[in-house]
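Here is a friendly set of notes to read with the model open beside you. Please follow along residue by residue.

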Amino acid sequence: MWLMILAALDMMVPTHQSTGLWRYPRAQPEQYRDLRFWTAHAQMLERAGFDVLFLADAAGVYDVFDGSGRTAIRSGMQYPALDPLTAVSALAAATTTLGFGVTASVSYEQPYLLARRFASLDHLTDGRIGWNIVTGYQESAMRNLGAGGQLPHDARYDRADEFMDVVCALWEGTFEPGALRADAESGIYLDPDLVHGAGHEGEHFSVPGPALVAPGPQRTPYLFQAGSSPRGMAFAARHAEAMFFSGTSTASVRRLTDAARAGLEREGRGADAAHMLMSITVIADSTDAEAAERAASYAQFADRQAALALFAGWTGLDLAPFAPQTPLAQAVAQLTGDGAIEGNRSALQSFLELDPDRDWTVGEVAAHMCLGARGPVVIGSGATVAEELERWMAEAGVDGFNIDYGLRDVDMTAFAEHVSPELRRRGHLPGGARPGSTLRGRLTGADHLPSTHPGAAFRR
């Protein structure tokens, strides 16, 4: 039987991707700012066999819907938002094997300092840090950074390619093997002949000097990427070690995983050079009936306006003026003319190109996104959920899942209690920790980037 990669998808916010549930009687929306909760939660995920706590992030308010951020602010929709990188050291100190995949945008950061932060965390987590590379999609974030607005969609990825050249030159190329001598007799701590600057002078960045941090256990953090537009897929095929997809059917996700593996082949990395993960929301309980009852109880608290605010923030498309029965394709055509957007194309793709056999309406999109946003929702006992995860793996061609929730504490604890033991019984989770001392080591069998990865070309 095959092993399954498990990541817990989350964000340090009152409401992540299930709208309105902060009002649910058992909800504890202020958990997001309680470090004691997060350390206990990370320990629980580790015991449940999760490989990664995957922390999403966004740097702006969702202010596209109805021309303001009022709906997102009112509903706590991914606002307020803590910086997830600030919590990782504490969570790593409370765990021993759990990895941490943290989102950071190449549009909002400078490569020199971001490389320092991730290299620092590679040391402080004993090599359990991963980076979810995003280009960003929020105009509000760029305005607050003084940039005026986003680059066009594909140009953001062009800039991201150069960003990756810089950080890989710093992580892989600054310190030659043997540079750290710590020789008290000679008085040489670092051999300056073996320490090199990035020497980068490009269209977007100029980074002449060396990295500020010596290489950690992985040198380069384990690399996640979630874009599924053609340009995003090309970027992922070049750089990603794990690709993260969302889709509403196994067929839609299968089209993405097949395309991703073909892209990896074209890059000369091999079809299996990256793991394929997909987002899926799980509501589990002791029996199918109990799980269905809890899921039904969530529905009365759903906030469709907040769901549309999330959709608008992702895509840049404000659906507020359209009646619920309006076909989504018609609304998109009216807003864009040719259907092209400069926001998150993967979010729109989930409801249009990837699901061609269904004509979504604006109301159906809002209803679907109230629980788990773009991905499917699985409801049932541990056995029912395990069977459904097996089906998605077989039909969609994925290697594992980013598990989302309705209520963070309730649903993730229920997954640990009911689903993880069933997955272990079926041979999908190891009885103990996966072998390997780092996140990359546990997922790939090697601590460092393989020679086929473009980052490895910067080694000296």
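1. Let's begin with aspartate 66, which sits in the loop between strand S2 (52–55) and H2. Helices (H or I, at least four residues) and strands (E, at least two) are DSSP runs, numbered from the N terminus. Aspartate 66 has a positive phi of about 60° although it is not a glycine. Its relative accessibility is 56%, so aspartate 66 counts as exposed; here exposed means over 50% relative accessible area, buried under 20%, and partly exposed in between (1.4 Å probe, protein chains only).

2. A word on what you are looking at: this is a predicted model, in which local features need pLDDT of at least 70 and side-chain atom pairs count only at pLDDT 80 or more, while totals for chains, interfaces and linings use all residues. Residues are numbered from 1 along each chain as its sequence is written, and side-chain values use heavy atoms, with hydrogens and water left out.

3. Alanine 373 is in the loop between helix H13 (362–369) and strand S12 (377–381), and it counts as buried because its relative accessibility is 0%. The peptide bond from tyrosine 79 to proline 80 is cis, with omega near -5°. You will find proline 80 in the loop between helix H2 (70–75) and helix H3 (88–93).

4. Which residues of H4 are buried? They are Pro111, Leu114, Ala115, Phe118, Ala119, Leu121 and Asp122. Seen down the axis of H4, these buried residues fall within an arc of 160°, so they line one face of the helix. The arc is that of the directions from the helix axis to the C-beta atoms. H4 has 14 residues and spans 20 Å from its first C-alpha to its last, close to the 20 Å expected at 1.5 Å a residue; the expected span is 1.5 Å times one less than the number of residues.

5. H4 (residues 111–124) also gives the most to the lining of the second largest cavity, with four residues. The lining is made up of Tyr112, Ala115, Arg116, Ala119, Leu170, Ala211, Leu212 and Val213. By class, that is seven nonpolar, no polar and one charged, where Ala, Val, Leu, Ile, Met, Phe, Trp, Tyr, Cys and Pro count as nonpolar, Asp, Glu, Lys and Arg as charged, and the others, Gly among them, as polar. The volume of this cavity is about 40 Å³, and the structure holds two cavities of 30 Å³ or more. On a 1 Å grid over the protein atoms alone, a cavity is a set of points where a 1.4 Å probe fits but cannot get out; a pocket is an open set with protein on both sides within 12 Å along at least five of seven lines, and lining residues have an atom within 4 Å of a point. Points are joined across faces, edges and corners, and a volume is the space filled by probe spheres set on them.

6. The largest pocket has a volume of about 320 Å³. It is lined by 20 residues, and the closest to its centre are Asp57, Ala58, Ala59, Tyr108 and Glu109. Strand S3 (residues 99–105) supplies the largest share of this lining, three residues. Eleven of the lining residues are nonpolar, six polar and three charged.

7. The second largest pocket has a volume of about 260 Å³. Of its 13 lining residues, Ala295, Ala299, Ala367, Cys370 and Leu371 are the closest to the centre. Helix H9 (288–299) and H13 each supply at least two residues of the lining, and H9 gives the most, with three. The lining divides into ten nonpolar, two polar and one charged.

8. The buried residues of H14 include Leu389, Glu390 and Trp392. Histidine 428 is in the loop between helix H15 (408–425) and helix H16 (439–444), and is buried, with a relative accessible area of 0%.
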